[in-house]
Amino acid sequence: MAKLNFPSDFVWGTATASYQIEGAYQEDGRGLSIWDTFSHTPGKVVNNDNGDVACDSYHRYEEDVALLKKLGVKAYRFSIAWPRIFPQGTGEVNEKGLDYYRRVVDALLAAGIEPAVTLYHWDLPQALQDKGGWANRDSIDAFVKYAEVIFKEFNGKIKQWITFNETWCVSFLSNYIGAHAPGNKDLQLAVTVAHNCMVAHGEAVKKFRALGIEGQIGTTHNLYWYEPLTTKPEDVEAARRSRAYYNEWFMEPTLKGTYPQFMVDWYRSKGAEVPIQDGDMETISQPIDFIGVNFYSGGYTRYKKDEGLFDSEDVQVGFDKTFMDWNVYPDGLYKVLSWVKDEYGDIPIYITENGACYEDELAEGNRVHDALRADYYKKHFIQLHRLIESGVQLKGYFAWSLLDNFEWAEGYKKRFGIVYTNYETLERHPKDSYYFIQKVIADDGLEV
Ligand SMILES: OC[C@@H]1[C@@H](O)[C@H](O)[C@@H](O)c2[nH]c(CCc3ccccc3)c[n+]21
């Protein structure tokens, strides 16, 4: 057995998001979000599940903080629900909404845990969606006004700021594939939404700098690692498009201020143009202090004429699968973050999400023997160590997720938590994977 040691300042954390854990969807003046609308629309979410109650963290956040403290994490990534702060998206601040986050932040700080806050994790106020949502550039200014209230309120308490969670999900998953709120299926709309969200990110960074807010600011993109099944040029090009769909389309504007031209041409061939206005690319690529990367999976791609958006198809090559049918591909984590370093230099990186969904059973003594999830984490922790050893500026890691929670269109059947949520009683029960991670944190490393 060998011990893989992590730097003593490596930030171990866990992650959640407002709509997935809070519940209390009409409490203390909260306005409706697009996810309330979407989940209340029959047929959109498995079992017609919704976030009305979720994990009830709105009332049980002290239990969550106690779990975090016992776990030993240095930081906790959560998101703020814009509709609690501005129920109509803009206008008057809802003080009771701010109060909830004051309670959460103070409880975390009292427990010696750093809050790492995502400003936008998909719960757009419905009132803004009614005016076009992210397709309407007015939403950019509304986002900056919302961000400014949070920056000022928590300056000095929150020191790690993430503007957006996964602009690919906000744009393509939600407006081209249509699987997430608001559920549109229009390529031009998706390209426009992606662009406006990235402009909103940049404007918020400008505001953060202008206000002299303490701490570091960045944004989170979900990256995948796709490789061509063969070295045939058509397979190589197909894999290049599949990867850029998730990766370069967002990372290049954010970190270099340009869109990948081969993808601009590809989308143009499909009838979609990027609505760039003067100054947008400089705004989008405002210098940031770190890049957040959510990594779950990847795979192999081959060319298939007229298949999907990219004349490509994923190929099954025998990876183990999670309960989301995602490939377990720890090497993909090493490859994708090595690619980030090669492409974008030594920008500090936080893995702001990584984790796995498996079917969990509550066993004797409220234990959950989630050996597959613990093994998923172990395999990926080995890659973290490999990345740090290779010189990648990997500063921290947030496991997705602290709790089983509302898994978007999949509802509550898909459990990602290292803590089991009993949705009847709302009790929390740490799983074996929680104790595995607790030991890694305590030991500053793991035995392999
Ligand atoms: O699906 C697990 C988690 C979600 O619960 C998080 O809210 C979200 O940030 C997140 N992103 C990803 C990868 C992108 C993706 C999200 C949802 C569905 C399919 C792919 C996985 N996850």
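Rings of Phe, Tyr and Trp (its six-membered ring) count as a pair if their centres lie within 6.5 Å; planes under 30 degrees apart are stacked, over 60 edge-to-face, and the rest tilted. By that rule, this structure holds 59 aromatic pairs. Welcome to a quick tour of a predicted model, in which local features need pLDDT of at least 70, side-chain atom pairs count only at pLDDT 80 or more, and totals for chains, interfaces and linings use all residues. Residues are numbered from 1 along each chain as its sequence is written, and side-chain values use heavy atoms, with hydrogens and water left out.

**Aromatic rings**

- Tyr300 and Phe319 make a stacked pair, with 6.2 Å from centre to centre and 20 degrees between the planes.
- Tyr300 belongs to strand 7 (residues 290-303) and Phe319 to the loop between strand 8 (312-315) and helix 14 (330-344), so their pairing ties together parts that are 19 residues apart in sequence. Here helices (H or I, at least four residues) and strands (E, at least two) are DSSP runs, numbered from the N terminus.
- Phe319 is partly exposed, at 22% relative accessibility. The scale calls a residue buried under 20% relative accessible area, exposed over 50%, and partly exposed in between (1.4 Å probe, protein chains only).
- Ring pairs also join Trp168, Phe172, Tyr224, Tyr226, Tyr245, Tyr246, Trp249, Phe250, Tyr259, Trp266, Tyr267 and Phe310 into a cluster.

**Charges over rings**

- A charge sits over a ring if NZ of Lys or CZ of Arg is within 6 Å of the ring centre and within 35 degrees of the ring normal.
- Arg386 lies over the face of Tyr334, 3.6 Å from the ring centre.
- Lys414 places its charged end over the ring of Phe323, at 3.8 Å from the centre.

**The ligand and its surroundings**

- Which residues come nearest to the ligand? Of the 18 residues around the ligand, they are Gln20, Glu166, Glu353, Glu407 and Trp408; a residue is near a molecule if one of its heavy atoms lies within 4 Å of it.
- Polar contacts are pairs of N or O atoms within 3.5 Å; within protein, one must be able to donate a hydrogen and the other to accept it, and residues adjacent in sequence count only if both atoms are side-chain atoms.
- The side chain of Gln20 has an N or O atom 2.7 Å from an oxygen atom of the ligand.
- Glu166 has a polar side-chain atom 2.7 Å from a nitrogen atom of the ligand, while a polar side-chain atom of Trp408 is 2.8 Å from a ligand oxygen atom.
- On its own the ligand has 460 Å² of accessible area, and the protein covers 93% of it. These areas come from the Shrake-Rupley method with a 1.4 Å probe; for residues, only the protein chains shown count as cover.

**Cysteines**

- How many disulfides does a search of the whole structure find? The search finds 0, a disulfide being a pair of cysteine sulfur atoms within 2.5 Å.
- For Cys197, the closest cysteine sulfur is in Cys169, 11 Å away and too far for a bond. Cys197 is buried, with a relative accessible area of 0%.
- For Cys357, the closest cysteine sulfur is that of Cys55, at 14 Å, also too far for a bond. Cys357 is buried, at 0% relative accessible area.

**Backbone details**

- Most residues other than glycine have a negative phi, and most peptide bonds are trans.
- The peptide bond from Ala181 to Pro182 is cis, with omega near 10 degrees; Pro182 is in the loop between helix 8 (167-175) and helix 9 (187-210).
- Trp400 and Ser401 are joined by a cis peptide bond with omega about 10 degrees, and Ser401 is in the loop between strand 10 (394-400) and strand 11 (419-421).
- Asn48, a residue other than glycine, has a positive phi near 55 degrees. Asn48 is placed in the loop between helix 2 (34-39) and helix 3 (57-71) and is partly exposed, at 43% relative accessibility.
- Asn366 is not a glycine, yet its phi is positive at about 55 degrees. The loop between strand 9 (349-354) and helix 15 (371-389) holds Asn366, which is partly exposed at 35% relative accessibility.

**Two buried positions**

- Gly332, in helix 14, is buried at 0% relative accessibility. Its C-alpha is 8.0 Å from that of Gly299, 33 residues apart in sequence.
- Lys431 is in the loop between strand 12 (428-430) and helix 16 (432-443). Lys431 is buried, with a relative accessible area of 0%.
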